[in-house]
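Hello,

Here is the structure I said I would hand over. My notes on it follow below.

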Amino acid sequence: MNFFASLRLSRHVYYTAVYCAGYFLSANICGTAFEIYPFINGVVLINILFATSLMLNNYYDISIDAANNKCNPLNTGVARKPEYLKAFFFLFASSLAISLSLSPAVFLAALAVHAVAWIYSCPPLRIKRFFPFNTLLIAFSTVLALVLGYFTPGGVFSKLPFTAIAVFTGLLFLSFNTKDVNDCDGDKKYSIQTIMTILGPENGRLVIAALAYAAYLLAALAAKSRMLLVYSILLGGATFYLIMRRGKINEPLIFALMFIFAAVFIFLNPLKF
């Protein structure tokens, strides 16, 4: 049970969905053809990249995760450090081999994901200690997953919708503070700056819920869609409620609401930059 909880399956699904969005974005913008083997290799790659990022974070967050009662294979007896490091380097090498087999652009995107993970989790930088840079890096990781998907079928750099990506990054920054609600105790104990540790549990939870709701509303306003605004109010309101409830938030349910909103967004396809 501890093993499966430590995998963060909802986040694997999340990054896979973002990769797929990038892949099909490339088809829409650049007219790239769907090829099954590159697509599957890309899905494997993005999951390996997230797994290695998570492994780095787990390695340096053993004490914090213990304080937060969060499943970490290194403090639950599922894995030992030597075997864990061997698995990390195997996956790291595998990610480089797979990305290089796809294209130089995908290889560079994969290297960027590894670099962000190292900057975020590892000493001496360990940017996860400093708000707002920690949340910005998490948002940027999602953008890199999108870009990796875009380059996998042969997307052209010059045709990337940079304005849309910038808006996307800003919305993610507003919504991704949600992940810090469940980690308040450990983050405070080990001097990790988040909205929760800066403002306190009650005020921090309220601000995070408000920012998440604002992200939904701003997405609809940027898209200039009244229909999307209805979904923003409903799904954003549900997210606000889930964050404000006492106790730990249900992260998979938060992600499920995001997926529903993303599906509606893509279906309506109102955003024109």
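Helices α2 and α3 are oblique to each other, because their axes cross at roughly 140° and an angle must be over 145 degrees to count as roughly antiparallel. This is read from a predicted model. Two packed helices are described by the angle between their axes and the distance between the axes. For this pair, the distance comes within 9 Å. The crossing of α2 past α3 is right-handed. Helix α2 covers residues 9-30, and α3 covers residues 36-60.

Next, the surface. A nonpolar patch there is formed by Phe-24, Phe-34, Ile-36, Tyr-37, Ile-40 and Val-44. Together these residues have about 600 Å² of accessible area. Which helix gives the patch its largest share? That is α3, with four residues.

One of the patch residues is Ile-36, which is found in helix α3. Its relative accessible area is 42%, so Ile-36 is partly exposed; that class lies between the buried limit of 20% and the exposed limit of 50%.

On helix α2, I looked at Ala-17. Is Ala-17 buried, exposed or partly exposed? Ala-17 counts as partly exposed because its relative accessibility is 35%.

Ala-17 can also be set against Ser-95. The two are 78 residues apart in sequence, and their C-alpha atoms are 18 Å apart in space.

Regards

Conventions
Residues numbered from 1 in each chain as written. Predicted model: local features only at pLDDT ≥ 70, side-chain atom pairs only at ≥ 80, totals over all residues. Heavy atoms only, no water. Patch = residues over 30% accessible without salt bridge, like charges linked within 9 Å, V, L, I, M, F, W, Y side chains within 5 Å. Areas by Shrake-Rupley, 256 points an atom, 1.4 Å probe, with all protein chains shown as cover. Salt bridge = Lys/Arg side-chain N within 4 Å of Asp/Glu carboxyl O. Helix = DSSP H or I, 4+ residues; strand = E, 2+ residues; numbered from the N terminus. Buried < 20%, exposed > 50% of the residue type's maximum accessible area, 1.4 Å probe, protein only. Axes fitted to C-alpha atoms, helices over the stretch in contact; angles between N-to-C directions. Parallel < 35°, antiparallel > 145°, perpendicular 65-115°, else oblique. Left-handed = near helix turned anticlockwise from the far one by under 90°.
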